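Reader: Hi! Could you give me a close look at a single part of this model, and then walk me outwards from there to the rest? I'd be glad of one connected account that I can follow on screen.

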Amino acid sequence: MSAAIELRGVSKQFTKYVDTPMLLTSMLRFRPGTRRDRIWAVQDLDLDVAPGESFGVIGRNGSGKSTLMTLMAGITAPSRGSVRVRGRVAPLIAVGVGFHRELTGRENVYVNGSILGLSRRQIDRRLESIVDFAEVGSFIDTPVKFYSSGMFVRLGFAVAIHAEPEVLIVDEVLAVGDMAFQVKCYDRMKELRSSGATVVMVSHALGAVRRMCERVLLLDRGRPVAVGTAEEAIAAYHDVLSASREITVGESGLRHEPDVVKIGAVEVLAADERGCWWRTGHVEAGTQVRLRVEGTAVTDLDDLVVALTVLGADGSVVYADSTAGHPFGAVGAGECFTALGSFCCRLPTGTYEVAVRVDRADLRTTLAFAAPVSFFVTGRNTVAGLADLETAFAREESGGTAVVHDPSSTAGVASGSLYLS
Amino acid sequence: MGRLRPLRTLMTALTSELGERGASPPPLSVDLHGSATGPGGLARAVWAHRELLGILARKEFHVRYRRATFGVLWAVALPVLQSLVLAVVFSKVAHIRHASHYPVFVLSGMAAWLYFAMALAGGSTSIVDGSDLSSRVYFPRILLPLVQVATNLYGLLVTVGVLVALSPVLGVGLGSGLVYLVPGVVVLVLVTAGFVLVASALHVYFRDIRYVVSAALMMWMYVTPVIYPPADTHGPLRAAILANPLTGVVELFHASTVGATVSLAAAVSVSLAWAAVLLVAGVSLHSRFDRVFADLL
Ligand SMILES: Nc1ncnc2c1ncn2[C@@H]1O[C@H](COP(=O)(O)OP(=O)(O)O)[C@@H](O)[C@H]1O
């Protein structure tokens, strides 16, 4: 059977205008012409996605993921090459597209549905099931400005899913909305897939990509870097991140002063059942983690500052701290030093990286930075956001309180997910 | 149990969909080679989305008229009020000489002019204004300006209704001349569509088209025979009026009530020539850039 999505030699160039083109000024020639930059957002991409496959696209910000998605959805045309998609495409970026606050839910369903390619008759027939699915009930004849945001999103999603797409394109949009809604979305996507639809997912949420996608493409600077299983692509993604972070973590705002300190190994350590510390890539949420940094001083140093930054999968800073203000101690020329950082891993499940930097004690220059080391936090799947505050839930009763769930009392017991690397 | 209900509804939807689709393989819904769409591709896309035009026009209409209190009343009152003010100002203050029935002359000309002005103002910015839609889903962008051409027909219908109702009151008996309204509306829509298609495409790139259009509309009205009959003019002003694509349209509207004052055949030919050139230009702009408009939004 022929591919559901077929890209051949696809490149997409964007023109960025430094100032908005104006008819009058360009006619009157106030300026020698509009200044512009040209950017290749996607370059030389060949891709086949089979019908029924679930395909993921990952990459750093600006790597061309959204552009690829708009190309697949036909929203924009390639500058070179060809894009073919078989069957009806429903971009989930289009959830609630064209919804107008003054119109009723029913009227909006017709507008949104026909934008997604349904005929009036098809919408007539599906209306009941859309209303059911969105759980908006009698609100369907109320202007959507009176909807809660949850109802609004549910109705939008219900229409998109009832467009019965052969190709469903999903993006970060699913990262918004409450947990229950996200779970519902993923359930529906699985159902659609089992009925033969192709799903393309563009996401920073590596966990979701890992769960949902059979094959994953890694883009970097618009070029395909790797295509393979989720694990392979994510591993390659970490290589890309490490290679680039050497520059970005150095952006501590400080000037880099090379050849004073060299950082050797950076290791993430976790304890096993017997209390032995091992190097690991997997950490149980809520347990103690040790960071071990080895370095060598090239010249004599009276003191230095060790800084660490924990980054989320999308490169956002989750936590940063350093020894600034507290003496680390002198290191002589040619001497090795080892810094240990212990912290409690209060993080939601996901992939993280820790980057280490050594600054001069006067915080005027950065002496060295190490490529980030990644680790995976397991065990707190229900937690979302940046930090895990380990909320202890209880129920207040007349005779006192009954604990519903207290994560800090269960954490600390290392699990079998620990492995040596 | 509650969790199963959405599943069931989804399954019914799926099975009914299979019934609709039959055994034929899914069509190619995206088939792009390079960035230009071409007139044929655009025509196919418009055909495939033909229902969307009606639905978007209805939406626009509902949003504009139905929800606003006195919405329909405004649609009637505004053009009548505007025409009456002009009629009073120019007949009493500026002493414009017109053989007879100056208010009906103004009202019939304004009916055409207001449609043109409203559709052009809304249509020229329509693709940018609709960026919420067009940056997230594909449909031929040409639908957005066409929606403006279509929805404003409702306002035109209302003003023409007022015109027909009010003319006898103002002393103009209407007769067989009314048939001029048919070619009048047709040529009006063609000329308007031509301008709207060109302006909407240009506005995606040149963001000052919005201001250019509103400034142009302000001056344009004075070289269109809506306030004074063209017979009174000479020199460059007369040349401008004769070259004006709207003269033919407005004169067809005049012909339906108080009678035309210039050679209809010549003026209408000028209008049609403009319409043809602009429509060709507009359609080729849209077919060239249809799939790259979204890049600039
Ligand atoms: N409409 C546009 N006009 C100009 N440049 C764009 C446009 N869309 C994206 N880009 C540029 O193309 C590159 C890729 O962007 P994008 O596809 O959004 O990446 P990602 O989704 O991976 O973050 C970026 O450098 C971005 O600035």
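Author: **One residue up close**

With a relative accessibility of 1%, B:Leu143 counts as buried, because buried means under 20%. Please keep in mind throughout that this is a predicted model. B:Leu143 belongs to helix α8 of chain B, which covers residues 143-169. Leaving aside residues up to four places away in sequence, B:Leu143 touches B:Val46, B:His49, B:Leu52 and B:Leu53.

Now please turn to B:Ser134, in helix α7 (residues 131-134) of chain B. B:Ser134 counts as buried, as its relative accessibility is 1%. The side chain of B:Ser134 has a polar contact, at 2.9 Å, with the backbone oxygen of B:Gly130. Once residues up to four places away in sequence are set aside, the residues that B:Ser134 touches include B:Ile127, B:Phe139, B:Arg141 and B:Leu144. B:Ala294 and B:Leu297 are also among them, and so is a residue of the other chain, A:Ile75.

**Chain B as a whole**

Both of these residues sit in a chain with 13 helices and 1 strand. Along the sequence, the pattern of chain B is α-β-α-α-α-α-α-α-α-α-α-α-α-α. Of its 297 residues, 48% count as buried. Among contacts in chain B with a separation of 6 or more, 80% join residues 24 or more positions apart. Chain B has an accessible surface of about 13300 Å², and carbon and sulfur atoms account for 72% of that.

Chain B has a mean pLDDT of 82, with 84% of its residues at 70 or more. Within chain B, helix α9 (residues 181-205) has the highest confidence, a mean of 95, whereas helix α1 (residues 4-21) has the lowest, a mean of 41. Over residues 1-26 of chain B the pLDDT stays under 50, and the model has 30 contacts beyond four places in sequence for that stretch. For the complex, the predictor gives an ipTM of 0.77 and a pTM of 0.72.

**Across to the ligand**

The two chains come together again around the ligand. Residues of chains A and B both surround the ligand, so the site is shared between chains. From chain B the shell has B:Asp295, while its chain A residues include A:Phe14, A:Lys16, A:Ala41, A:Arg60 and A:Asn61, along with the run from A:Gly62 to A:Thr67. By class, the shell holds 2 nonpolar, 6 polar and 4 charged residues.

A backbone N or O atom of A:Ser63 is 3.1 Å from an oxygen atom of the ligand, and one of A:Gly64 is 3.0 Å from a ligand oxygen. From a side chain, a polar atom of A:Ser66 is 2.3 Å from an oxygen atom of the ligand. On its own the ligand would expose 560 Å², and the protein buries 73% of that. The elements giving two or more residues to this shell are β1 (5-17) and α2 (65-72) of chain A. The largest share comes from α2(A), with 3 residues.

Chain A has 9 helices and 21 strands. Buried residues make up 50% of its 421 residues. Contacts between residues 24 or more positions apart are 71% of those in chain A with a separation of 6 or more.

A:Asp44, which is not a glycine, has a positive phi near 45°. This residue lies in strand β2 (residues 36-49) of chain A, and A:Asp44 is partly exposed, at 42% relative accessible area. A:Glu390 is also not a glycine, and its phi is positive at about 50°. You will find A:Glu390 in the loop between β19 (365-378) and β20 (393-397) of chain A. A:Glu390 counts as buried, at 12% relative accessibility.

Conventions. Residues numbered from 1 in each chain as written. Chains lettered and ligands numbered in written order. Heavy atoms only, no water. Helix = DSSP H or I, 4+ residues; strand = E, 2+ residues; numbered from the N terminus. Buried < 20%, exposed > 50% of the residue type's maximum accessible area, 1.4 Å probe, protein only. Contact = heavy atoms within 4.5 Å. pLDDT = per-residue confidence, 0-100. Near = heavy atom within 4 Å. Polar contact = N/O pair within 3.5 Å; in protein donor to acceptor, adjacent residues only side chain to side chain. Areas by Shrake-Rupley, 256 points an atom, 1.4 Å probe, with all protein chains shown as cover. Nonpolar A, V, L, I, M, F, W, Y, C, P; charged D, E, K, R; others polar.
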